[in-house]
Amino acid sequence: MKWLRDPREFLHRVVHRRFALPALFGYAVLEGAILPIPIEAVIVPFMQLRRDILWLIPAIALAGFFTSAIIGFAIGALFFEQVGQPLIAWMGWQQQFGEVELFLQDWGFWAVVAIGFTPLPTQILMIGAGAFGVPTLSFIVAVLLARGARNFGVAALVYLLGDRVVDWFHRRHGHSTPERKADQPPR
């Protein structure tokens with residue numbers, strides 16, 4: 001049970017399990033729908049430990065977020081009175097929803113791009129985009145553009161700087177640099 005005492009060993013075990021990629025998709029759906037924790041908290045260590053699938057990880061995270069975005073948009077566009085309004089009231093978002101309406105009216109496509117690119121919660125924007133008539137194709141392109149740039153931008157940073165950051169962290173905190181196992185590709 002060494003992996004319970006050593007976080008590095010625990011992370012290594014988790015990211016190499018066969019359920020790791022489906023779990024990432026599920027987390028990305030939840031992050032887009034209800035979780036306030038940015039996806040980068042999950043994908044950065046995942047990408048660093050699984051360099052062999054570095055570019056697949058942001059694609060799966062994007063697919064999960066996109067699924068959540070389409071569900072939120074559909075709630076706003078098709079089921080606003082039945083589902084959207086009660087959800088907004090239950091979450092206490094009435095005031096913010098009015099602000100989202102003005103933001104979407106003023107900026108439309110670019111509002112979706114801006115919020116999709118930031119680590120801010122996007123649930124209210126998704127519902128609002130559907131409810132306030134943002135064109136579906138514009139919404140889809142904006143979500144894919146914003147989250148794609150964000151996720152693949154993080155992957156590029158991990159690709160270019162990941163090993164240096166890990167080495168710096170280990171030197172700074174007095175840890176030895178972890179040895180690469182024989183089955184791991186070079187970083």
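Gly76 counts as buried because its relative accessibility is 4%, where buried means under 20% relative accessible area, exposed means over 50%, and partly exposed lies in between (1.4 Å probe, protein chains only). The residue belongs to helix α5. Helices here are DSSP runs (H or I, at least four residues) and strands are DSSP runs of E (at least two), numbered from the N terminus. Leaving out residues up to four places away in sequence, Gly76 touches Ile127, Gly130 and Ala131; contact means heavy atoms within 4.5 Å.

## Basis and confidence of the model

The structure is a predicted model, in which local features need pLDDT of at least 70, side-chain atom pairs count only at pLDDT 80 or more, and totals for chains, interfaces and linings use all residues. Residues are numbered from 1 along each chain as its sequence is written, and side-chain values use heavy atoms, with hydrogens and water left out.

The pLDDT is the predictor's confidence in each residue, from 0 to 100. The protein averages a pLDDT of 85, and 87% of the residues score at least 70. Among the elements, α5 has the highest mean pLDDT (96), whereas helix α1 (residues 2–5) has the lowest (59). Where pLDDT is low, the predicted coordinates should not be read in detail.

## Overall architecture

The secondary structure comprises ten helices and zero strands, which gives the pattern α-α-α-α-α-α-α-α-α-α along the sequence. Of the 187 residues, 39% count as buried. Among contacts between residues at least 6 apart in sequence, 75% join residues at least 24 apart.

## Nonpolar cores

A nonpolar core is a set of buried Ala, Val, Leu, Ile, Met, Phe, Trp, Tyr and Cys residues joined through side-chain atoms within 4.5 Å. The largest such core has 24 residues, and those with the most contacts inside it are Leu104, Val112 and Phe139. At least two residues of this core come from each of α5, α6, α7, α8 (109–117), α9 and α10. Helix α9 gives the most, with five residues. Val112 is in contact with Leu104, Leu125, Phe139, Ala142 and Val143, leaving aside its neighbours within four places in sequence.

Apart from this core lies another, of 17 residues, among them Ile39, Ile43, Ile53 and Ala61. In soluble globular proteins, nonpolar side chains tend to be buried together.

Asn151 lies in helix α10 (residues 136–172). With a relative accessible area of 1%, Asn151 is buried. Beyond residues up to four places away in sequence, Asn151 touches Ile39, Ile43, Pro58, Ala61 and Leu62.

Leu144 is partly exposed, with a relative accessible area of 36%. Not counting residues up to four places away in sequence, the contacts of Leu144 are Leu62, Phe66 and Ala149. Leu144 and Ala69 are 75 residues apart in sequence, and their C-alpha atoms are 9.9 Å apart in space.

Pro22 lies in helix α3 and counts as exposed, at 53% relative accessibility. The C-alpha atoms of Pro22 and Gly64 are separated by 9.5 Å, with the two residues 42 apart along the chain.

Leu87 is found in helix α6 and counts as partly exposed, at 27% relative accessibility. Leu87 and Ile75 are twelve residues apart in sequence and 9.9 Å apart in space, C-alpha to C-alpha.

## The second largest pocket

On a 1 Å grid over the protein atoms alone, a cavity is a set of points where a 1.4 Å probe fits but cannot get out, whereas a pocket is an open set with protein on both sides within 12 Å along at least five of seven lines; lining residues have an atom within 4 Å of a point. The second largest pocket has a volume of about 460 Å³, the volume being the space filled by probe spheres set on the points, with grid points joined across faces, edges and corners.

This pocket is lined by 25 residues, of which Ala33, Trp93, Gln123, Ile124 and Ile127 lie nearest its centre. Two or more lining residues come from each of α3 (20–33), α5 (56–78), α6 (80–91), α7 (94–107) and α9 (123–131). Helix α9 contributes the most, with five residues. By class, the lining has 19 nonpolar, five polar and one charged residues; Ala, Val, Leu, Ile, Met, Phe, Trp, Tyr, Cys and Pro count as nonpolar, Asp, Glu, Lys and Arg as charged, and the others, Gly among them, as polar.
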